[in-house]
Amino acid sequence: MANTPYPESYYAASANAAPSRPALQDDVETDVCVIGAGYTGLSSALFLLENGFRVTVLEAARVGFGASGRNGGQIVNSYSRDIDVIERSVGPKQAQLLGQMAFEGGRIIRERVAKYNIQCDLKDGGVFAALTPKQMGHLESQKRLWERFGHTQLELLDQRRIREVVGCEQYVGGMLDMSGGHIHPLNLALGEAAAVESLGGTIYEQSPAVRIERGANPVVHTPQGKVRAKFIIVAGNAYLGNLVPELAAKSMPCGTQVITTEPLGDELAKALLPQDYCVEDCNYLLDYYRLTSDKRLIFGGGVVYGARDPANIEAIIRPKMLKAFPQLKDVKIDYAWTGNFLLTLSRLPQVGRLGDNIYYSQGCSGHGVTYTHLAGKVLAEALRGQAERFDAFADLPHYPFPGGQLLRTPFAALGAWYYGLRDKFGM
Ligand SMILES: Cc1cc2nc3c(=O)[nH]c(=O)nc-3n(C[C@H](O)[C@H](O)[C@H](O)COP(=O)(O)OP(=O)(O)OC[C@H]3O[C@@H](n4cnc5c(N)ncnc54)[C@H](O)[C@@H]3O)c2cc1C
C-alpha cells in the first residue's frame, strides 16, 4: 500500500516528534468518522470529543499533510470576502451571525494552544499592508466594518508607523490586528492530533477514504478496512478528489508557493520585522511573510489555478521577496514548497449536510487557519443539534465555476490575470 510522506518543507524539517500512526486494517464502529486530519478535521474531532462523542479520524497520508501542515502560518481573522459583500448577498441577519464569528477562529487557536500545551511558536500580531492610498482607504472602511461586529482591537498604521513594524519601503500604511499572529502550522496540527488522542479519539494515517456507503448507517471504506459511524465529517478540502462528487463541481483546488530563507541572524531579522508580526499585503494576488523562531523569513505568494506543481518555485517567489526586501539579495533559500487550498467562486466556505448524517466544510479560499478552527466548532454544534451558526454558513449560495471541469481552470486564471493587472497598476 502507498506510504505517503510529508512533502519536503521547513515545517517537516523542524516538526516536533510525533508518532507515525497505523493504517486502518479492521472494521471499527464510532459515533463520528472524520475524513482528513487537517485543521478542519482535527478541530471538529476535538470539539466532538470534548462533548462526549466517540471519534475516528481517517487521514490519507500523515496528520497535517495538506494545507494545514504547509501554510504561511499566518493567523488572519475573518473570511476571504468582506462582510459588507456577504451582507449584500445574504441580508443583515445572516451577515450579523457571520460577522460575529469572524474573529473566533483566532481565539480558538489560542485556547487550544493553552489548554493542550501545544508547542507551535505562537506569536501575536498581524499586519495588513497597503501598497496604494486606495488600499489604505479600503483598510479604513474594513476597520469600521469589523468594529460594527464588535471587533475593536484594530489599529490603523500611517506611513511612519508601518515603517516601525515592517522594514519595507513599499507600503503607504496598514492595519495592525493584535488578535492575528503566527504559528508553526505543522506543529499546531501535530499538537491538536495528540490532543485528540489524549481524549480517546483514534487517528489512522495512510488510510484514504475510498468510498462512502451512504444511508441511515453510513460506512466509510479504506483500502483495508471500514468505519461504521452515525455521522461523517468530510474534511479533505483541496486533497479530497472526487470522493464526494457533489462537492467537486463548486470548488477548485489551487496551488500556492512558499519559500524559506536560511537563518538571517538577529540583526537582519529585526531590521525586517522588528516586533515579529506577520504581514500580508492588500493585493488580490497577495504576498505574505513572517519570521520563524530560528529567524528565517518565510515568504509566500502567487496562485497556480488547477493546482499543478510549478517546476521552479524559487524562481517564482524569490523575485517577489526581493521586491519587498532588496536587502536579502545574497540570502540563500533553504526550502521551497507548494500546497493546495480550495477556491470557491464566492471565495466563501462551502459548508453543508448531505442527507441526514454527512457534514462537510471546505473551500475557504485562502484565509483558512482561523476559519477551519471555527468550522470544527460549528460542525460539532450542528451534530449536537444546535445548527444556527452552521446554517449561517450552509445557507451561503455557491455556484459552479464557469467552463465546467474542463475550462474552469483557464477561466479562473483569466480572472486572476485581470485582478493581477489591477494590483500592478494600483487600480
Ligand atoms: C502554501 C499555503 C499557504 C497558506 N497560507 C495560509 C496562511 O498563512 N494563513 C491562512 O489563514 N491560510 C493559509 N492557507 C490556507 C490554509 O492552510 C487552509 O485553508 C487550511 O489549512 C485548510 O485546512 P483543511 O483541514 O480544511 O484542509 P487540509 O489541511 O488540506 O487537510 C485535508 C486533509 O485531508 C486529507 N484527505 C483528503 N482526502 C482524503 C480522503 N479521501 N481520506 C482521508 N484523508 C483525506 C489530506 O491528506 C489532508 O491531510 C495556505 C494554504 C497553502 C496551501
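User: Thanks! What should I know before reading anything off it?

Analyst: This is a predicted model, so local features need pLDDT of at least 70 and side-chain atom pairs count only at pLDDT 80 or more, while totals for chains, interfaces and linings use all residues. Residues are numbered from 1 along each chain as its sequence is written.

User: Okay, how is the protein divided?

Analyst: There is domain 1 (1-122 + 183-250 + 346-396) and there is domain 2 (124-180 + 252-343). The bounds come from an automatic or database domain assignment. Taken over C-alpha atoms, the domain centres are 25 Å apart.

User: How many residues does each side put into the contact?

Analyst: Domain 1 gives 31 residues and domain 2 gives 30 residues. Two residues are in contact if their C-beta atoms, placed from the backbone, lie within 7 Å.

User: Which elements of domain 1 touch domain 2?

Analyst: β3 (74-75), α3 (83-90) and α4 (92-101) each supply at least two residues of that side. As for the names, helices (H or I, at least four residues) and strands (E, at least two) are DSSP runs, numbered from the N terminus. By class, this side of domain 1 has 10 nonpolar, 15 polar and six charged residues. Ala, Val, Leu, Ile, Met, Phe, Trp, Tyr, Cys and Pro count as nonpolar, Asp, Glu, Lys and Arg as charged, and the others, Gly among them, as polar.

User: Let's switch to the ligand. Which residues are closest?

Analyst: The closest are Gly36, Gly38, Gly66, Gly72 and Gly368, out of 44 residues that surround the ligand. The elements giving two or more residues to this shell are α2 (39-50), β11 (252-261), β15 (333-343) and α12 (368-383). A residue is near a molecule if its C-beta atom, placed from the backbone, lies within 6 Å of it.

User: And what is that shell made of, by class?

Analyst: The shell has 21 nonpolar, 21 polar and two charged residues. Domain 1 and domain 2 each contribute at least three residues to the shell.

User: What about the inside? Which residues have the most contacts in the largest nonpolar core?

Analyst: Val32, Ile35, Ile232 and Ile233 do, in a core of 112 residues. The largest share of this core, nine residues, comes from α12. Both domain 1 and domain 2 put at least three residues into this core. A nonpolar core is a set of buried Ala, Val, Leu, Ile, Met, Phe, Trp, Tyr and Cys residues joined through C-beta atoms within 7 Å. Buried means that 20 or more other C-beta atoms lie within 10 Å of a residue's own, exposed means 12 or fewer, and partly exposed is in between, with C-beta atoms placed from the backbone.

User: What does Ile35 touch?

Analyst: Leaving aside neighbours within four places in sequence, the contacts of Ile35 include Leu58, Val220, Ile232 and Ile233.

User: Now strands. How covered is β4?

Analyst: Mostly covered: seven of the eight residues of β4 are buried. Strand β4 (residues 123-130) runs parallel to β12, joined by four bridges, and runs antiparallel to strand β6 (residues 173-182), joined by seven bridges. Two strands pair if DSSP finds at least two bridges between them. Val127 has Leu176 of β6 as its bridge partner, while Phe128 is partnered by Glu280 in β12.

User: What's on the two faces of β12?

Analyst: In β12 (residues 278-281), Cys278 and Glu280 lie on one side and Val279 and Asp281 on the other, and all are buried. β12 also forms a hairpin with β13, with five residues between them.

User: Is Lys295 buried, exposed or partly exposed, and why?

Analyst: Lys295 counts as partly exposed because it has 19 C-beta neighbours inside 10 Å.

User: Last one: why does Ser9 count as buried?

Analyst: Ser9 counts as buried because it has 21 C-beta neighbours inside 10 Å. Not counting residues up to four places away in sequence, Ser9 touches Arg70, Tyr335 and Trp337.
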